[in-house]
Amino acid sequence: MSWHKQMATECPFSKEDVRCPICGDIYTFPVTLSCQHNFCKACIQAHWERKQSQECSVCHRRASTRRPPVNLALKIASDTFKNQANRNLVKYDLCLIHKEELKLFCHKDGKTICTVCHSSRDHKDHECCPIAEAAADRKKELSKKYDALKKHLNSIKKMKGTLEELQGFIEIQSADAKAQMKEEFEMLHRFLREEEAARLMVLKEETTKKTQAVRKRLEDITQTFEELSEILDDIAHTMKKDDISFLKDCKEAIRRACYPTQEMQYTNDVLIDTAQYLGSLRFGVWKRMEEVVKHCPVTLDPTTAHPNLILSDELSSVCYGKKQQLPDNHERCSSRMAVLGSTGFTSGKHCWDVEVGESREWYIGVARQSIKRKTSVFLNPSEGFWVIGLNNGDSYWAQTSPRFRLALKKKPQRITVELDYEKGKVTFSNAADGSMIHAFKDRFTEKMFPYFAPGIHVDGQYPLKICPLKVSIMLQQDVQHS
């Protein structure tokens, strides 16, 4: 007979008879309301506090008193039910075969047994231990797994928060990029509109000038035409007269017939020079854009910039500023006030000029892709940095290990950085006169990125600027061979 059936036989009450309608558990200090419904004292008090009313949770009638009486008979019945249930739970811990208390745990079969089971044929040679010891070992094992899973859950929670932050930041990035792109294209549109207006103005001026010239010539020709037509009419009228009258008037007619004549010639260069305006129009505008278009050999990468670094709109200069709320993504340099170039190099020669101006502190050069970006590192080749720098406005250093002080005759305003990947060379020179500042010689095995650190001085701080290259258009004849 199961313990459920035993309890039903020994206890005259069912669980439904002693269950509180609010909490669903066996009554604890049951009280009876004036409507004759029963509840746990704590349950009905909590219900009234939530509802701000002394109504029954079953029939919703208002109770006659704030302190309903304890139902003693129901309390005795509830306690009896609980005690009977507890006694049967104890019986449940007995061995089903030998009716002995379960005291041992069999490691091979993974179940609890009694001492009789241990000496029986089924478990005689099995390794067993006390239940408490087995439970402690299992709890210890489970605790380790629990701690590991909890740690993993915290990692997931942290990653979830990071991804949610990144999602919001991506939208901000997109909006900022969209606004800057619109601004840049508006500048190009404005340039094209101004160029169009200037060319149309020149065309209008030429049109006015040549129209006026033709109009003046037309007025002169019209006047000559009218004068000559009048003379011809008069001569024709004179020739129709009789001989006496003709001879009388012919002298005047002959005089007027001596009207000066010259061959009619068209005025040169009278038409609009449309070739001037339409010939290679697009190329001419493109050529003019050389004055407004700039190209930097290196573009700064905002995803690598320390939160205190401020980048220009075209990502060509960087300076120290107020800390920004940026996601701590894997690529970002958090340990050093630095930013990398957006393009890395795995071969070839690459060169760029950096304007350092009057800045009192800076570091420039190249760094390999695998540099540590979240923990403190030394700026030297063994850590993946090939850079030179300025400290306190007067001390120039080559960041070797240990670092080497550079003796410069002139304070450079612009420095040329040149990377020769195959030869493993990084050279620094004064862009003004080409004089050598320092050169590193090493062997590169991974992608190398331009490195910029403007220092943390605020007062009188000058940004590090990547100098743009002069844009020029080269024409080349397209020769096709048969």
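Throughout this passage, a residue is called buried when its relative accessible area is under 20%, exposed when it is over 50%, and partly exposed in between (1.4 Å probe, protein chains only). The structure is a predicted model, in which local features need pLDDT of at least 70 and side-chain atom pairs count only at pLDDT 80 or more, while totals for chains, interfaces and linings use all residues. Residues are numbered from 1 along each chain as its sequence is written, and side-chain values use heavy atoms, with hydrogens and water left out.

With a relative accessible area of 12%, N391 is buried. This residue belongs to strand β11, residues 385-391; here strands (E, at least two residues) and helices (H or I, at least four) are DSSP runs numbered from the N terminus. Contact means heavy atoms within 4.5 Å. Setting aside residues up to four places away in sequence, N391 touches R360, E361, Y363, W397 and R403.

Two annotated regions come next. UniProt positions follow the numbering used here, with feature names shortened, and annotations may be inferred rather than shown by experiment. The unreviewed UniProt entry lists residues 20-60 as "domain: RING-type". Over residues 20-60 the chain is 27% helix and 15% strand, with 16 Å between the end C-alpha atoms. Helix α2 covers residues 41-51, and its C43, I44, Q45, H47 and W48 are buried. Strands β1 (30-32) and β2 (38-40) are among the elements that cover the buried residues of α2. Just after α2, Q52 has a positive phi of about 55°. The unreviewed entry in UniProt also lists residues 132-159 as "coiled-coil region". That span is 100% helix and 0% strand, and its end C-alpha atoms lie 39 Å apart.

In soluble globular proteins, nonpolar side chains tend to be buried together. A nonpolar core is taken as a set of buried Ala, Val, Leu, Ile, Met, Phe, Trp, Tyr and Cys residues joined through side-chain atoms within 4.5 Å. The largest nonpolar core has 34 residues, and those touching the most other members are W362, I364, I388, V426, F428 and F452. Leaving aside neighbours within four places in sequence, the contacts of F452 include V298, L300, V318, M337 and A338, as well as W352, Y363, I364 and L464. A second, separate core of 17 residues has C20, L74, A77 and F81 among its members.

Grid points are joined across faces, edges and corners, and a volume is the space filled by probe spheres set on the points. The largest pocket holds about 630 Å³ of space. Its lining comprises 22 residues, with E184, M187, V292, K294 and E314 nearest the centre. By class, this lining has 11 nonpolar, four polar and seven charged residues, where Ala, Val, Leu, Ile, Met, Phe, Trp, Tyr, Cys and Pro count as nonpolar, Asp, Glu, Lys and Arg as charged, and the others, Gly among them, as polar.

The second largest pocket has a volume of about 520 Å³. Of the 18 residues lining the second largest pocket, D176, Q180, P302, L315 and Q324 are closest to its centre. Helix α5 (131-239) and strand β6 (309-311) each supply at least two residues of that lining, and α5 gives the most, with six. One cavity of 30 Å³ or more is present in the structure. The largest cavity holds about 50 Å³, and C333, S335, R336 and F385 are among the residues that line it.

Most residues other than glycine have a negative phi, and most peptide bonds are trans. L315 has a positive phi near 60° and lies in the loop between β6 and β7 (317-320). At a relative accessible area of 24%, L315 is partly exposed. K99 likewise has a positive phi, near 55°, and sits in the loop between α3 (72-92) and β3 (104-106). K99 counts as exposed, at 58% relative accessibility. Finally, S401 and P402 are joined by a cis peptide bond with omega of about -5°, and P402 lies in the loop between β12 (395-398) and β13 (404-406).

Conventions: On a 1 Å grid over the protein atoms alone, a cavity is a set of points where a 1.4 Å probe fits but cannot get out, and a pocket is an open set with protein on both sides within 12 Å along at least five of seven lines; lining residues have an atom within 4 Å of a point.
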